[in-house]
Amino acid sequence: MIPIYKNPRFWVPIISNTFLISLLSVFNTQLSPWNLYLFIPGVFPLFLAFNRPGASGLGGCILSGFLLDALFPVPMGLFATLFAAVHATSLVFAKRLHRENIVQFVSIAFILNLVCWGAVTLFTASSTVWNAQFFAQFFVNLFISQIVITPVAWWYFEFQAACLRLAFGIRIFEEDLT
C-alpha cells in the first residue's frame, strides 16, 4: 500500500484546490476596493470527499480547509473542521449519488456554500457590528457568491476530472453510452 503523501492521485485534487484558492485570493484582492468578496468554499471538499473515501480524502479535505483558513479571517481550523465534517457525511451519501452526474455535485456545492457561509457568520459574529450596512453588505456578498459558484463549480469539477483522466486514465463525469 502506498503512503498517502506518495500517492499521486491524492496530490492532483490538492494541487487543483491550491490553484483555485490562489485564483480566489486574486479575485478577492481585485474586488476589495468595492468592499466585495467571493466566498466559494463549497467546491473544495466535494471532489475529494466523493472520489477519495478514506484517509487520503479526509487528509485532502483537512489540508484544503487549512489553506482556506489562511485566506479568510476566521478562527484557525474552522474550514478544516467543516471540510472534515463534509467528508464524514459524504460517506453516508456516496452510495446514493451518481459519480457521473456533475449536476448533483454542483447542487451540493451550492448548498454547502450556504452552510459554510452560515458557519463563518456564526463564528465571526462577535467581532462584527450588526447594523444595516453590515446586513446589506452581507447579503450582497452572499448573492454574488451564490451566482458565481455555479459556473465555477461546474468548471472546477470538470477541471479535476480532466486532470485525473489525463494523468491516470480515471474517468469521472462521463456516462457510458454503450
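A helix, in this talk, is a DSSP run of H or I that is at least four residues long, and helices are numbered from the N terminus. Please keep in mind that the model before us is predicted.

With that definition, let me begin with one residue. Asn17 lies in helix α1, which spans residues 8–31. Is Asn17 buried or exposed? Its relative accessible area is 0%; buried means under 20%, so Asn17 is buried. Which residues does Asn17 touch, leaving aside those up to four places away in sequence? They are Phe44, Leu48, Ser64, Tyr156 and Gln160. With Gln160 there is also a polar contact of 3.4 Å, made between the two side chains.

I turn now to the packing of helices. Two packed helices are described by the angle between their axes and by the distance between those axes.

Consider helix α2, residues 44–51, and helix α5, residues 102–124. They pack at an angle of about 130 degrees, and their axes are 9 Å apart. That angle makes α2 oblique to α5. The crossing of this pair is right-handed. From α2, the contact is made by Pro45, Leu46, Phe50 and Asn51; from α5, by Phe105, Ile108, Ala109 and Leu112. Seven of these contact residues are nonpolar, one is polar and none is charged.

Helix α4, residues 78–93, also packs with α5, at an angle of about 145 degrees and with the axes 11 Å apart. This crossing is right-handed. Leu78, Phe79, Leu82, Phe83 and Val86 of α4 meet Leu112, Cys116, Ala119, Val120 and Phe123 of α5. Here the contact has ten nonpolar residues, with no polar and no charged ones.

Terms used:
Residues are numbered from 1 along each chain as its sequence is written. This is a predicted model: local features need pLDDT of at least 70, side-chain atom pairs count only at pLDDT 80 or more; totals for chains, interfaces and linings use all residues. Side-chain values use heavy atoms; hydrogens and water are left out. Axes are lines fitted to C-alpha atoms, for helices over the stretch in contact, and angles run from 0 to 180 degrees between N-to-C directions. Helices (H or I, at least four residues) and strands (E, at least two) are DSSP runs, numbered from the N terminus. Angles under 35 degrees count as roughly parallel, over 145 as roughly antiparallel, 65 to 115 as roughly perpendicular and the rest as oblique. A crossing is left-handed if the near helix is turned anticlockwise from the far one by less than a right angle, and right-handed if clockwise. Contact means heavy atoms within 4.5 Å. Ala, Val, Leu, Ile, Met, Phe, Trp, Tyr, Cys and Pro count as nonpolar, Asp, Glu, Lys and Arg as charged, and the others, Gly among them, as polar. Buried means under 20% relative accessible area, exposed over 50%, partly exposed in between (1.4 Å probe, protein chains only). A polar contact is a pair of N or O atoms within 3.5 Å; within protein, one must be able to donate a hydrogen and the other to accept it, and residues adjacent in sequence count only if both atoms are side-chain atoms.
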